[in-house]
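Subject: Structure handover and notes

Hello,

Here is the structure we talked about. My notes follow below it.

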Amino acid sequence: MQFHHHGYVSGDPRLQPAAGTGIDRPDDLPDVVDVLIVGSGPAGMLLAAQMSQFPSVTTRLIERREGRLPLGQADGIQPRSVETFQAFGFAERIIAEAYNIGWMNFWGPDPADPSRITRTARTEDYGYKISEFPHLIVNQARVLDYFAEAAALGPARIAPDYGVEFLGLEVDAAADEGAHPIEVRVRHVAGSRVGEDRTIRARYVVGCDGARSRVREAIGRTHVGSTAQHAWGVMDVLVDTDFPDWRIKCAISAEAGNILHIPREGGYLSRMYIDLGEVASDDNHRVRATPIEEIIRRANAILHPYTIEVKQVAWHSVYEVGHRVTDGFDDVAPGEARDPRVFLTGDACHTHSAKAGQGMNVSMQDGFNLGWKLGHVLTRLAPASLLRTYDAERKPVAQQLIDFDREWSSLMARKPAEISDPQDLATYYLGTAEFPSGFMTRYTPSRIVGDAAHQRRAEGFPVGMRFKSSEVVKVADGNPVHLGHHAKADGRWRVYAFADRPAAGELSALTGWAEWLNAPDGPVRRHTPAGADLDAVFDVKVIYQQRFDEVELAAVPAIFRPRSGPLGLVDPEKVFAAAPSAWTRTDIFDERGLSRDGVVVVVRPDQYVAAVLPLQAAAELDAFLSGAFLAQREVAAVGGASR
């Protein structure tokens with residue numbers, strides 16, 4: 001963590017200086033906002049934390065509840081989400097309180113006595129096999145708490161406006177880009193203004209309001225899909241039991257049904273998804289009234305010869321598996337030639353079963369994808385047409401999720417007679433691990449994702465996929481650091497220059513590239529607002545091939561040693577070395593298949609690789625950035641209005 005560059009800090013360094021709308025932020029919900037977030041679920045709270053890094057933007061979040069969520073329904077945290085937590089500054093703390101899924105065991109009928117279950121497989125979980133981060137279980141409420149903290153500590157000082165209910169909205173599609181064309185009707189349902197109806201005007205609205213989204217209804221979007229005729233009971237319980245794998249994640253298949261058992265944080269609590277069987281087509285959701293006593297009875301029947309004595313039920317519910325994707329993730333109708341104004345995230349645009357542990361995880365990535373784009377458009381770094389990429393990128397991901405979840409749910413619901421190989425569920429679980437972990441998402445070429453023409457220069461950083469971190473060494477102090485962990489969710493793009501290493505007497509391609517990038521007419525200065533720090537938009541870093549003690553920091557090109565903050569201090573943490581040291585065993589060039597002739601890797605604010613280019617391809621990099629950003633001189637010339 002870096003601080004003191006704005007002056008000496010004696011308190012909590014996570015508390016960033018208030019700026020813009022964060023200075024004297026009004027307690028009451030204003031009548032006019034730039035971004036109105038509806039709902040404080042995972043996508044909404046992450047979005048608030050991201051928008052807190054854009055203090056010139058007026059962002060408010062409304063939530064019907066009177067206060068924080070005390071108990072959430074989601075709990076599975078995939079490695080990609082923990083990677084995201086790292087960017088928001090709380091991965092280490094949430095890992096410390098979470099349950100780490102180290103193993104997943106599989107149980108099935110005992111061949112000698114099918115009425116009894118026996119362990120059929122013990123498998124290591126996939127978390128640490130595919131990431132430096134673990135696969136966790138932690139209550140959704142705590143995830144929201146951490147994002148709320150990040151939002152409150154950010155420069156914009158964003159906090160939820162609790163007790164405010166969304167009623168509806170209307171969009172003036174013909175309004176000018178800089179206007180506030182959305183009329184939002186809200187009602188105060190708690191607090192001093194309870195019962196009062198109001199109208200809020202906004203430039204953008206984001207519906208993070210769940211599966212029964214009123215925002216979705218207001219813009220005429222509909223869920224497409226169906227509900228499977230199969231019900232599950234779910235309960236968080238404290239029990240006395242003789243089941244030997246109570247603190248290990250288990251998939252249990254028995255004559256009496258199926259259970260997905262997931263230990264929870266804290267060492268005692270566990271969640272159980274209990275198979276309630278097929279549901280009649282005319283059930284009309286009556287199965288949802290199944291009493292907790294019946295759910296517990298079913299659990300004991302499945303676990304035979306083991307038993308559970310439930311001492312306390314923290315939460316329980318009954319649901320039918322549903323798989324739905326909304327027909328659009330924004331308010332632009334097919335064939336309509338305008339930029340979107342209203343967006344849907346999370347359960348508002350995709351719903352599925354809980355057993356694959358994807359709901360909260362994919363929802364957060366929706367918010368991460370959208371947040372920096374809104375920030376860029378509203379601060380006039382990028383044109384409003386950038387927002388069209390949200391639907392284009394996230395809708396295919398949601399459909400892939402639905403397809404995966406449908407298959408996983410079907411496998412989980414099978415009867416023992418339908419299982420030919422007792423190992424096939426374990427094989428599927430491990431064989432598909434990278435998809436539910438969030439690492440298989442790949443965005444297609446667009447204005448913010450380049451083509452793969454130069455992919456061979458950086459095989460380990462596929463264009464359109466998330467930037468997979470690796471250890472390097474800081475030249476300034478010789479300490480190891482994960483390169484990806486150095487990138488915070490501050491809305492900036494990362495430009496990683498992996499240096500060439502010319503023979504003695506030859507000129508380095510890096511030197512010429514760095515001088516061009518830092519030139520008055522180069523892309524960094526062209527797309528950085530006047531008066532802002534040189535690295536306010538692009539965080540440019542260099543990774544040398546040699547050892548850290550073989551690099552002279554004073555000789556490093558100036559673009560990698562920018563001055564920032566009101567004191568104009570040189571940032572010493574943008575220069576890294578790849579060669580192994582006393583503290584590292586890996587070489588990022590080898591580990592990620594990077595060309596020894598040098599390569600540039602451009603990474604978006606949401607950690608996805610946007611471009612891979614040779615050091616010699618300055619014109620290509622210039623063209624790519626010009627397509628993604630506005631030239632700030634042109635923005636200033638027209639009075640700050642974006643085109």
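P305 is found in the loop between α7 (292-303) and β16 (308-326). Helices (H or I, at least four residues) and strands (E, at least two) are DSSP runs, numbered from the N terminus. A cis peptide bond joins H304 to P305, with omega at about 20°.

Two points on the source. This is a predicted model: local features need pLDDT of at least 70, side-chain atom pairs count only at pLDDT 80 or more, and totals for chains, interfaces and linings use all residues. Residues are numbered from 1 along each chain as its sequence is written, and side-chain values use heavy atoms, with hydrogens and water left out.

One more backbone point. H4 has a positive phi, near 80°, and is not a glycine. H4 sits in the segment before β1 (32-38). For context, most residues other than glycine have a negative phi, and most peptide bonds are trans.

Helix packing

Start with α1 (residues 42-51) and α8 (residues 359-378). Their axes are 8 Å apart and the packing angle is about 30°. That makes α1 roughly parallel to α8. (Angles under 35 degrees count as roughly parallel, over 145 as roughly antiparallel, 65 to 115 as roughly perpendicular and the rest as oblique.) Axes are lines fitted to C-alpha atoms, for helices over the stretch in contact, and angles run from 0 to 180 degrees between N-to-C directions. The crossing of α1 and α8 is right-handed. (A crossing is right-handed if the near helix is turned clockwise from the far one by less than a right angle, and left-handed if anticlockwise.)

On the α1 side, P42, A43, L46, L47, Q50 and M51 make the contact. From α8, the residues include M360, M364, F368, W372 and L374. Contact means heavy atoms within 4.5 Å. By class, this contact has eleven nonpolar, five polar and no charged residues. (Ala, Val, Leu, Ile, Met, Phe, Trp, Tyr, Cys and Pro count as nonpolar, Asp, Glu, Lys and Arg as charged, and the others, Gly among them, as polar.)

α1 also packs on α5 (residues 140-153), at about 20° and with axes 8 Å apart. That makes α1 roughly parallel to α5. This crossing is left-handed. P42, M45, L46, A48 and A49 of α1 meet Q140, L144, F147, A148, A150 and A151 of α5. The contact of α1 with α5 has ten nonpolar residues, one polar and no charged.

α8 has a further partner in α2 (residues 79-88). Here the angle is about 40° and the axes are 10 Å apart. α2 and α8 are therefore oblique to each other. They cross in the left-handed sense. R80, S81, T84, F85 and F88 of α2 touch N361, M364, Q365 and F368 of α8. Four nonpolar, four polar and one charged residues make up this contact.

Sheets

A three-strand open sheet runs β3-β7-β4, with antiparallel pairing. Two strands pair if DSSP finds at least two bridges between them. β3 (76-77) and β4 (99-100) are the edges, each with a single partner strand, so one side of each has no neighbour in the sheet. β3 pairs with β7 (residues 136-137) over two bridges. G76 has I137 as its bridge partner in β7.

A seven-strand open sheet has the order β20-β19-β25-β22-β21-β26-β27 and mixed pairing. β20 and β27 (609-613) are its edge strands, each pairing on one side only. Neighbouring strands are turned by 30° against each other on average, direction ignored.

β21 (residues 493-498) and β22 (residues 538-544) run parallel and share six bridges. V495 pairs with V540 in β22. Helix α11 (residues 509-517) packs on this sheet and touches β21, β22 and β26 (599-603). The direction of α11 makes about 170° with that of β22.

β19 (residues 471-474) and β20 (residues 480-482) are antiparallel, with three bridges. V472 has V481 as its bridge partner in β20. Their hairpin has five residues between the strands, and G478 there takes a positive phi near 80°. β19 also runs antiparallel to β25 (residues 575-577), over two bridges. In β25, A577 is the bridge partner of V473.

Annotation

UniProt, in an unreviewed entry, lists residues 441-632 as "domain: Phenol hydroxylase-like C-terminal dimerisation". UniProt positions are given in the numbering used here, feature names are shortened, and annotations may be inferred rather than shown by experiment. Over residues 441-632 the chain is 15% helix and 19% strand, with the end C-alpha atoms 32 Å apart.

Best wishes
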